[in-house]
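User: I want to learn how to read side-chain pairs and helix packing. Can you take me through a case?

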Amino acid sequence: MNRQLLFYDKGDVLMKVAVIGAGASGLTAAYKLTQKDITVDVYESGQTVGGLGKTIDLWGQKVDLGPHRFFSNDIRINKLWLELAGNDYQIINRLTSIYYKNKFYFYPLKPFDALIKLGFIESGKCILSYMKEKIWTTEQDGTFENWVVSRFGRRLFEIFFKTYSEKLWGIPCKQLDADFAAQRIKNLSLFEALKNALLGGKDNKHKTLVEQFAYPCYGTGMIYERMANFINAGGGRVYCEKSVRKVIVKNKKIEAIELENGEIIKYDYVISTMPITDLIAGLQDVTEDIKAKASRLSFRNTILVYLNIQAIDLFPDNWLYIHSTDLQMGRLTNFRNWSPQLYGNEKSSILALEYWCYDREPLWAERDENLIKLAGEELRKTGLIKTAKITDGYVHRIKYCYPVYERGYREHLNSVESYLSLIEGLLVIGRYGAFKYNNQDHSILMGILAADNITDGTNHNLWKINTDYEEYQEKTIITKTGLVKT
């Protein structure tokens, strides 16, 4: 699937580039192009930039759309991030826990903490289950369930993986593709988790277990707001509340984009981060087979319910994973435990409760006041806020939040990727665009390499990011004093 791109020489003609979507990947691409004096138009359907990484103002404070930690070993990503953050960032000591059956377990795993809280009998069952896997390993059938069971044992899978994963994806773990594990927790095993715990996190390179991360003082969105400001100052334009209806292709080559108001604007290149399903639906002359395969790809939505709690020092965690089956929420973030600049002089704590659903589920259409009531009741049930008063609630819905790796999705996606790769001048990137469960660093890398493909004539396979690319780069980490090689 090698994309054939036109090499651009700035001395020849004025090239026009459109970027659809002002999230991490789209803005990064536009930012890098602007640095090379290429004028870019960015079209964002929302009111503000940042996509999933935006920061919003709420009750005199700043909050993100859930917990967004930034961590990368890739020197290209880290250099760009520091270039934008300047000195306005902190190194956060991560503290996260799993809430399961009215108990809080440290995550990453701390063996003695887990053993004590599980109890002698349950701990014994977990150990025996793990040992059984070492002797009679579960056959790999391409499912997330068997992938995890083979590395942790069935008992630990059922306690620490099953409930949370099924809340997130809305399908049984037997229907979830092993690609999810391979991309998000590859190389992780019980042995790796135990080694990390015993060594106190030293020399750990697994992102799931990282105990420190860089965070912008004014929220994750600070990085993307600065990107947008740079693009506008460099002669480009970042348009908010301006949706792209479709991409127009002629003879398998980019011709133009059509906005929601019907306006058609010609471009030489289009970098698309719009949902891949919407991109295909808007293209002309797409075969019925490709349309059918694209329609089999689905996204999971997120509902964030923010509650304003009239108390501070509620609990020390940055965020919690909610594994208990008696609670609908899947994750809980305490923004009081991130950067002091987020809350300033305010004497309250903003908590964000996350709920996941599909369009077809009643929860997605539920009234805001009912969602706020549900969140308040569930929060009280955990005992985390004791008798503290809840004074305000706010609901933020995110459509197309998670690409669902249902079994068989890869076959459908491969066909769609191959079709889109034949369109000259089209670059498809981002979590939505490439149907990839990206972290921020993956999306930023996609943007960097997409810009390189246009300006330098490189032929990076953008579909492969979040699989192979990070394994071959110079290793660095961000510290409070800057970039350090590892």
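This is a predicted model: local features need pLDDT of at least 70, side-chain atom pairs count only at pLDDT 80 or more; totals for chains, interfaces and linings use all residues.

User: How many salt bridges does the count come to?

Analyst: Side chains of opposite charge can pair when their charged atoms come close. The rule asks for a side-chain nitrogen of Lys or Arg within 4 Å of a carboxyl oxygen of Asp or Glu. The count comes to 22 salt bridges. One of them pairs Arg155 with Glu122, with closest N and O atoms 2.6 Å apart. Arg155 sits in helix H6 (residues 154-169) and Glu122 in helix H4, so the bridge ties together parts 33 residues apart in sequence. Helices are DSSP runs (H or I, at least four residues), numbered from the N terminus.

User: Is Glu122 buried or exposed?

Analyst: Buried means under 20% relative accessible area, exposed over 50%, partly exposed in between (1.4 Å probe, protein chains only). Glu122 is buried, at 18%. Arg155 is partly exposed, at 29%.

User: At what angle do the axes of helix H1 and helix H2 cross?

Analyst: Axes are lines fitted to C-alpha atoms, for helices over the stretch in contact; angles run from 0 to 180 degrees between N-to-C directions. H1 (residues 24-35) and H2 (residues 75-85) have axes that come within 13 Å and cross at roughly 80 degrees. H1 is therefore roughly perpendicular to H2 (65 to 115 degrees).

How values were computed
Residues are numbered from 1 along each chain as its sequence is written. Side-chain values use heavy atoms; hydrogens and water are left out. Helices (H or I, at least four residues) and strands (E, at least two) are DSSP runs, numbered from the N terminus. Angles under 35 degrees count as roughly parallel, over 145 as roughly antiparallel, 65 to 115 as roughly perpendicular and the rest as oblique.
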